[in-house]
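Reader: Hello! I am new to looking at structures, and I would like a close look at one part of this one. Could you take me through it slowly?

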Amino acid sequence: MRIRFFPILAHVLAIIAVAPLLWILISALKPAEDVFNFGWPSTWTLDNLQYVLLKIPMPRFMLNSAIVSVTVTVVALFFHSMAAYALARLRFPGRGIIFSGIMSTLLVSLPVILVPLFLVAKQLGLLDSYAGLIVPSIFHAFGIFLLRQYYLNIPRELEEAADLDGCGYWRRYWSVILPLSRPVLASLSVLFFLANWNAFLWPLTITRNPDLRVIQLGVSGMQGQYASAWNLILAAAVIAAIPTVVVFVAGQRRLVDAMKTTGLK
Amino acid sequence: MTRKRREALAAYAFLAPDTIGLLIFVAIPMVLAFGVAFFKVDGFGNYQYVGLANYKLMAGDDQLWASLKVTAIYVVTFVPIAFVVSFALAMLVRNHFKGIGWVRSAFFLPNVVSLVVVGLIWQFLLVDKRGALSKILAPFGLGDVSFLGTPSLALGTYVVISVWFLMGYQMLVFLAGLKDVPKELEDAAQIDGAGSWQRFRYVIWPLLRPTSFFVVVNSTIGAVTGLQAFDLVFVLTKGGPARATSTVVLYIYEQAFTFNNMGYAAALTTVVVAILVVCTGLMFGVTRGGRFDED
């Protein structure tokens, strides 16, 4: 009895959990006058999506988001893996202090330092620029921590072979450690891409120029401009969500692996 | 150059980009907040030293106290509900059954879309009278309830939406913790005649303490200062109605960027940091760091 009941319950709850997302997808494909009608649309239409893509600079917003997310992800992974390699493998004075210093920044979230970070970014001339969107988003201890955990588990012998071949530290990192970290880098890239594609608060704070608007700003801006045109707002929301769902489905296993290691091991 | 020296130099070079970045974009802003708190900053960026004036202002700032109350209520409702829901989901999808992959993904999926999209989705579902939820509840006589428009209901609605958004993530954390509970221990307890409740209470629960501790700390910090405390309310209600969903971080943002009171906002930031430090300290004290044993 129990064996049958719980899996069925799980399936039912799973459907309830995704129902709001499916509902939005279906509603975005309804004609404007049908958007609040309950149930299946009488006619399916791509007009809403088309309007949002053509009449609102949605492609521009997506391009901005893509530029920012991809750049942050690539640069962050590179920097983080370098730092993690040093922390996991090299001996140097002050290692403990530097490590705990880096880790303590994990407690600080963006909303907490938003105001002073804005002042720093302003001093550095980062207001209203791609650099302003990208540079402050790169630095985060989370990736350093996960990569360090991973590097601690790579057998030392692999590196020692390279050492005997006369390779310097850079070569050891570049030709031994980095290729070995492909799986963990892949997991983290899924995570970083999602976080940056979904970022809202920092872009909202650092940019005013409409040409620099990222997708989340563009979508939330629809609220004010198209107050009751829900068919269009939902179409924009769907467009913003599609890349994240695609990345999730494609990188699901990797994402789950990365999540599971979060602060646990 | 000795080998030791070379190794150290290489290490510093490897660490430099991230360490400098974290210094400039995390550590310095953090310290700066405590400095700027003593200044009045106008819209043109002129700083004027005002001593403790920003802190004195807080005593009479009713909206601040309202926001602190909102955040407090949010924390004490969101954290336990999210804990129970995500733990229950983890137990539900712990053992294999047909379609388990899809079920786990389904619970996690809300966490993949952005909080902006989440906010818009629920705004649409909760549109007064015409929205899907009103139509579902109409047969029960609840079709006229305005979930986001009634001050007494808006905060609860925000809690429920946050739980929906975060339950999948916390479920994964619990699943990872459950993986470390040895099956043999549970089997042994079963052979000794322990029922499912007893196995849960005396085997799984104690072994899961570090995980539970991590989840509680993490979700408390998230509830006070996470993006869920800003993005979601910003899109969903803008802090309304009647400031019923105005979280502290939203209030700080408004002070800084709507009213241009950077100095005051910085002072508020330091207060939130102090609250967080105290909260985390308390949780460490009460749970003794989430250690395994009771002694």
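Reader: In chain A, what share of the contacts with a separation of 6 or more comes from residues 24 or more positions apart? Please go on from there to the side of chain A that touches chain B.

Author: Happy to! Residues 24 or more positions apart account for 74% of the contacts in chain A with a separation of 6 or more, where contact means heavy atoms within 4.5 Å. This is a predicted model, in which local features need pLDDT of at least 70 and side-chain atom pairs count only at pLDDT 80 or more, while totals for chains, interfaces and linings use all residues. Residues are numbered from 1 along each chain as its sequence is written, chains are lettered from A and ligands numbered from 1 in the order in which they are written, and side-chain values use heavy atoms, with hydrogens and water left out.

Let us start with chain A itself. Its secondary structure comes to 14 helices and zero strands; helices (H or I, at least four residues) and strands (E, at least two) are DSSP runs, numbered from the N terminus. The C-alpha atoms of chain A fill a box of roughly 70 × 65 × 35 Å along the principal axes. Of the 265 residues in chain A, 54% are buried, that is, under 20% relative accessible area with a 1.4 Å probe, protein chains only.

Now for the part you asked about. On the chain A side, 90 residues are in contact with 85 residues of chain B. The size of an interface is often given as the accessible area lost when the parts come together. Between chain A and chain B, the buried area (accessible area, 1.4 Å probe, that two parts lose on being put together, summed over both) is about 7700 Å², and carbon and sulfur atoms give 78% of it. Helix H1 (residues 2-28) of chain A provides the largest share of the side that touches chain B, with 16 residues. By class, that side of chain A has 66 nonpolar, 16 polar and eight charged residues. Here Ala, Val, Leu, Ile, Met, Phe, Trp, Tyr, Cys and Pro count as nonpolar, Asp, Glu, Lys and Arg as charged, and the others, Gly among them, as polar.

What about pairs across the interface? The rule finds zero salt bridges between chain A and chain B; such a bridge is a side-chain nitrogen of Lys or Arg within 4 Å of a carboxyl oxygen of Asp or Glu.

Note on methods: Buried < 20%, exposed > 50% of the residue type's maximum accessible area, 1.4 Å probe, protein only.
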